[in-house]
Every structure is written in structure tokens, then in C-alpha cells.
Amino acid sequence: MFDYETLKMIWWVLVGVLLIGFAVTDGFDMGVGALLRIIGKNDNERRVLLNTVGPHWDGNQVWFITAGGAIFAAWPVVYAVAFSGLYWALLLVLFAMFFRPVGFEYRSKMDDPRWRNAWDWGLTAGGAVPALVFGVAFGNLFLGTPFQLDELMRSEYTGSFWALLNPFALLCGVVSLSMLAMHGAAYLQMRTDGELRHRASGYTRLLALVVAACFTLAGVWLYFGIEGYVITASADVGAAMTPLQKSVELQDGAWLANYSKYPLTLAAPILAYAGLLLTLVMTAAQRSGLAFVGSSLALTGIICTAGFSLFPFVMPSNLTPSHSLTLWDVTSSEKTLNIMFWVAMIFVPIVLSYTLWGYYKMWGRLNTDFIESNKHGVY
């Protein structure tokens, strides 16, 4: 059994691992959806793209559901504050994602161009909108969200949906959208051939450059233009505590202070740039498998960079900074975290195993000839 402070750290790491697992697995099928009408020039080509992710996208959703469940169970206060304050943004994500299951199932049921065209736009929205909103949400975390807590830990949120769409958050949204679209294009390099693979390679290179430029700009903006949060006094982090038992101040450049305080965290941005470079080089060399590995490493590095910059904050408050939520003061009880830890140790390997088995059994390149010869057996 672990002590309470260690468990708090373990669950911060595990939530991060689940978010990375979601981005690496579900991220490429969102990216393929976002690029559906750009890379696929006609109905048969779009069917090829859909069938590269068709057998896997719903299995990939397990990471999204598990990450949401883990946040609810490990950080119930974060879950409550986020869902009560950001419900319009979260509803937008859910409504956009509704297009995915029905789009995959219904799109090819009718041989009507207008019907298929409408579902193509729905699938594009189902891939692009969540990717954009996830980045916007992360961007607003660095700016702080307008909430405060009362003595009974009830939150009061004073912001609006439109206030979330500020310039810095939109830049983070572009990072997220271009990152997942690059990942989707890298995946398509492995699963298609001919002209489709050529187009996917071109968009992989273009999007990798967009990600590198926007990620760099966001880091510069964060250091020079946005005040970070610093805990100046706190109760014992190894004991049960509430968000009201600490003091927080805003300081210039504080969001990047962890990189000088803990030099090992510099591995995250280095990994992000190394992954982007590997993606570019391997795409140019037509080594699609290694290009996808590079894209996965870039996603991991970018998400870890955001997590390390925020540490130990999870959801800062710009209304009352001392009420900000951190990994030390929003966790469930020690007993709950211990039970959840052992449950995760049993079931995460099971999820990983059947996910890998599914990819192994349904791997291979697809092309328009395959669609023509299996018109009624595929998406």
C-alpha cells in the first residue's frame, strides 16, 4: 500500500497516461475524420479512409471513457467544477462526437450523393470540433478559469462560452487540431497506397510544420505574455486537504518555472520537437511506420509539456487564485485511490492487449479496388 502523497502523484501520472493513450489511439481516427473531405477527393476514396479506422475507432473510445471515469473517481472536485462551468463547451464536444457512430453506420447505407455528402460533413465535424475544443480548454487552463468555491466546496462559475474563445486559447486549439490531423495523416500513410498515400504524406509534412510553429509560439506567449500561478503557502500535502487550505500568487513566467526547478521535465518539449522532426524525416523517406511513431512521440511530448508546465495545478482559478484546484487538494480518499490503483493495474493491461490484438488481426493497406470489390461489406 502506498502513502497518500505518493498516491496523489501516481494518479496525476495515471490520468496523464490515459490522456496520452486517448490522444495516440483516438487521436488518429479524429484526424482522419477531420481530413476526410481534404484527402478523399471522391466517394470511393472517402470510403477507403473511413475503412482504415472503421474497425478501430469505437475501441479507441475506451481510452476517452476511461480517462473521463478516472478524473471523476480520482479528482471529483475537478469533475464537478469543470462540468458545471464548462458544460456548453463539453456539450459541443459531445454533440460533435454523436456524428461519428451514426456516420460510420449510416453513410454507406444509401447510394445517394447528397446523403453521403451530408454524413461526410458530419464525420468531419466529429473529428475536427473535439480536437479544436480540447486544445481551447487546455489554453484556458493556463489563463485560469473564472470560478470560486464556498465553505461547502460548492463552485460558482462566472464565465461564458464565448469568453473561452480568446486568442491564446484559440492558438492552443490550432495546436491540438493540427497535431491530431497530422497524426491522422501519418496513420493514413500506413494504411493506404497510391495517390491517397501520396496526399497523406504531403499533409503530414505540412501539418508537422504547423504544429512546430504554433507550439513554439504558444510557449513564447506563455512565458512573456501570461502570468503563471505559484503556491506560496499550503497545508501538509501528504494529508487530506481542501483547495481552501493554501495561498496562491500570480508571477511573470511562472508557468515555465518547473523546467528550471526540475530539469528532467525538459525531456517533454525535447521529445515533442524530436517527434515532429522524426515525422518529417521518415515521411520524406517513405517509412510510414516510423513516421507514425514520430507523430505519437510528438503528441506525447506536447501533452507532457502542458502537464509539466501546469504542475501541480489542475484547474487554476483567475477569480480567486487561492481556490485553484491542484493534485494535492482535489483527490478522493486514500482508500479510494488505493483500490483504484490496483483495479487500473489489472484492467489497463487487458485493454492494451485486446487493442493490440484488434490491430494485428485487421491490419493491411486499403485502396479503391478493395472498396469496389466489397461495396456491401464495408463502411
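A search of the whole structure, which is a predicted model, turned up zero disulfides. As a reminder, a disulfide is a covalent bond between the sulfur atoms of two cysteines. C172 takes part in no such bond, and the nearest cysteine sulfur, that of C214, is 9.7 Å away.

Salt bridges tell another story. Side chains of opposite charge can pair when their charged atoms come close. How many salt bridges does a search of the whole structure find? The search gives 13. One of them joins the side chains of D43 and R107, with 2.6 Å from N to O. This pair links distant parts of the chain, since D43 lies in helix α3 (residues 43-53) and R107 in the loop between α6 (87-106) and α7 (113-143), 64 residues apart. The two partners can be compared by their accessibility: D43, at 26%, counts as partly exposed, while R107, at 1%, counts as buried.

R107 has a further partner. A salt bridge connects R107 with D120, and the closest N and O atoms are 2.4 Å apart. Here too, distant parts of the chain are linked: R107 belongs to the loop between α6 and α7, D120 belongs to helix α7, and 13 residues separate them. In this pair, both R107 and D120 are buried. Which residues make up the network of salt bridges that includes R107? The linked residues are R37, D43, R46, R107, D111, R116 and D120.

Another salt bridge is formed by D112 and R114, whose closest N and O atoms are 3.8 Å apart. D112 has a relative accessibility of 22%, so it counts as partly exposed. R114 reaches 69% and therefore counts as exposed.

Charge also gathers on the surface. D3, E5, D236 and E334 come together there in a patch of negative charge. Within this group, D236 is placed in the loop between β3 (227-234) and β4 (246-252). With a relative accessibility of 52%, D236 counts as exposed.

The backbone holds a few details to look for in the model. As background, most residues other than glycine have a negative phi, and most peptide bonds are trans. The peptide bond from F311 to P312 is cis, with omega near 0°. P312 is found in the loop between α12 (288-310) and β5 (313-315).

M153 lies in the loop between β1 (147-149) and β2 (155-157), and it is partly exposed, with a relative accessible area of 26%. Q286, also not a glycine, has a positive phi of about 60°. The place of Q286 is the loop between α11 (267-284) and α12. Q286 has a relative accessibility of 59% and so counts as exposed.

Methods. Residues numbered from 1 in each chain as written. Predicted model: local features only at pLDDT ≥ 70, side-chain atom pairs only at ≥ 80, totals over all residues. Heavy atoms only, no water. Disulfide = S-S within 2.5 Å. Patch = residues over 30% accessible without salt bridge, like charges linked within 9 Å, V, L, I, M, F, W, Y side chains within 5 Å. Areas by Shrake-Rupley, 256 points an atom, 1.4 Å probe, with all protein chains shown as cover. Salt bridge = Lys/Arg side-chain N within 4 Å of Asp/Glu carboxyl O. Lys, Arg positive; Asp, Glu negative; His and termini not counted. Charge placed at Lys NZ, Arg CZ, Asp CG, Glu CD. Helix = DSSP H or I, 4+ residues; strand = E, 2+ residues; numbered from the N terminus. Buried < 20%, exposed > 50% of the residue type's maximum accessible area, 1.4 Å probe, protein only.
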